[in-house]
Amino acid sequence: MSIPAVFISIAILSCVMSVAVLGSLFQAQVPGVRLWCVASGLLAVISALLLYGRSDMIVVSASSLLVIASLLGLHGFRQFLDIRPSYAWEYVGIGAILFMLVYWTYVSPHVDARSAMISAFIAYVRFHIGWSVLKYRPAGRPKYAYYFVSIAATLGAVVHAVRAISYGLGFAHESMFLEPTPLNVMFLGLATLTLPCLSVGMVLLAHDRLSDRMERLATFDDLTGVLARRAFIARAEAIAQATAAQKSVFSIAILDIDNFKSINDRYGHASGDLALAHVASLISHCVRGDDVVGRIGGEEFALLLPSATKEEAGRLVDRLRAVVAASGSCVPGREVVSTLSAGVDAFSEGDTLASVMARADAALYAAKANGRNCVVVAPAVETCQWNPPPAAPFDLPSRNIKSI
């Protein structure tokens, strides 16, 4: 078996393995995976054709499929990165390439020009992939997979660019396609080496996207989009430790949707889900930029307010309560108006997160007992009476803030 045949066989094996692995990820619905799988399958077919023979018909067919597979792979990366999938001039370019393939094969045979043209196009595709995965890498994701793909794609692009220049400027010649000259063998070997690296990179990116999904599911509540209980507690514990070290202050509010069970019982759980999402959206949009919102129970939310005293937190939460009460129906087509009851307490020296949340929770129960749709601020240790300071001009009236 000739050296080019060995490299082509390696390419076939690599592409078949890529199809098998990428195909297993179809159900995960990772953007771009299906296009990568189709492109890898086409590359396997192309390699098999070249292994079978080198007639003009096979060369034209294989070269045409190679151009199409390269563009599909590029579109897959663009789809994965959520950027513009294609450009009209690329299709015009492919049309011109296919025309020149036929022309330089049957009308005016020119093997060097044909090889230079195909390599130049592949170099463009690989350079574009290498640039895109770095420029559009999702913020906060690990860099390894993206750098791996960028390096593999760029190395492949350099190989094809050098090959295109060599044949285009007459530094190298071949009388037949993939003639086993030393230079051609070197180009084919390097191209074959970068191909499985790029395939591995595709799989790494797909698994990074799956990891991102799993992290989001563990961090954010799927229905409301706010922090899940475990993530909220972890964030709040970190803030509590920092607050204790800096001898600063923060407050916590526990908020509960009033009569939520009756919404589920009367209108169904789908309406209850809409009510939860509606209230969570209002809370998320009305809080301050550094406030932390989490869903800690069925219809129960927690709000952590850094640098807010108990009095300030009481006013802020009451303003939030008023916004929810005035927001109208939370279920389209039905008169379902949600209201909130809330309990508020502040961190003080010697407190733990659990103790602050427990007092805020007790204040929430007092708010429920006081008729709902109100905010109760937990009393200070020294006294059971809390007199809020005069409201600032931009605050809502505090008639719905009570003390216990």
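In strand β1, Phe-250, Ile-252, Ile-254 and Asp-256 point one way while Ser-251, Ala-253, Leu-255 and Ile-257 point the other way, and all are buried, where buried means under 20% relative accessible area with a 1.4 Å probe and protein chains only. The model is predicted, so local features need pLDDT of at least 70 and side-chain atom pairs count only at pLDDT 80 or more, while totals for chains, interfaces and linings use all residues. Residues are numbered from 1 along each chain as its sequence is written, and side-chain values use heavy atoms, with hydrogens and water left out.

**Strand β1 and its partners**
- Because 8 of the 8 residues of β1 (residues 250–257) are buried, the strand is largely enclosed by the rest of the structure; strands are DSSP runs of E with at least two residues, and helices are runs of H or I with at least four, numbered from the N terminus.
- β1 pairs in the antiparallel sense over 7 bridges with β3 (residues 300–306), pairing being counted if DSSP finds at least two bridges between two strands, and Leu-305 is the bridge partner of Ser-251.
- β1 also pairs in the antiparallel sense over 7 bridges with β4 (residues 340–346), where Ala-342 is the bridge partner of Leu-255.

**Aromatic pairs**
- There are 8 aromatic pairs, meaning rings of Phe, Tyr and Trp (its six-membered ring) with centres within 6.5 Å, called stacked with planes under 30 degrees apart, edge-to-face over 60 and tilted for the rest.
- Trp-36 and Phe-80 form a tilted pair, 5.6 Å centre to centre with 35° between the planes.
- Phe-250 and Phe-347 form a stacked pair, 5.1 Å centre to centre with 20° between the planes.

Methods. Buried < 20%, exposed > 50% of the residue type's maximum accessible area, 1.4 Å probe, protein only.
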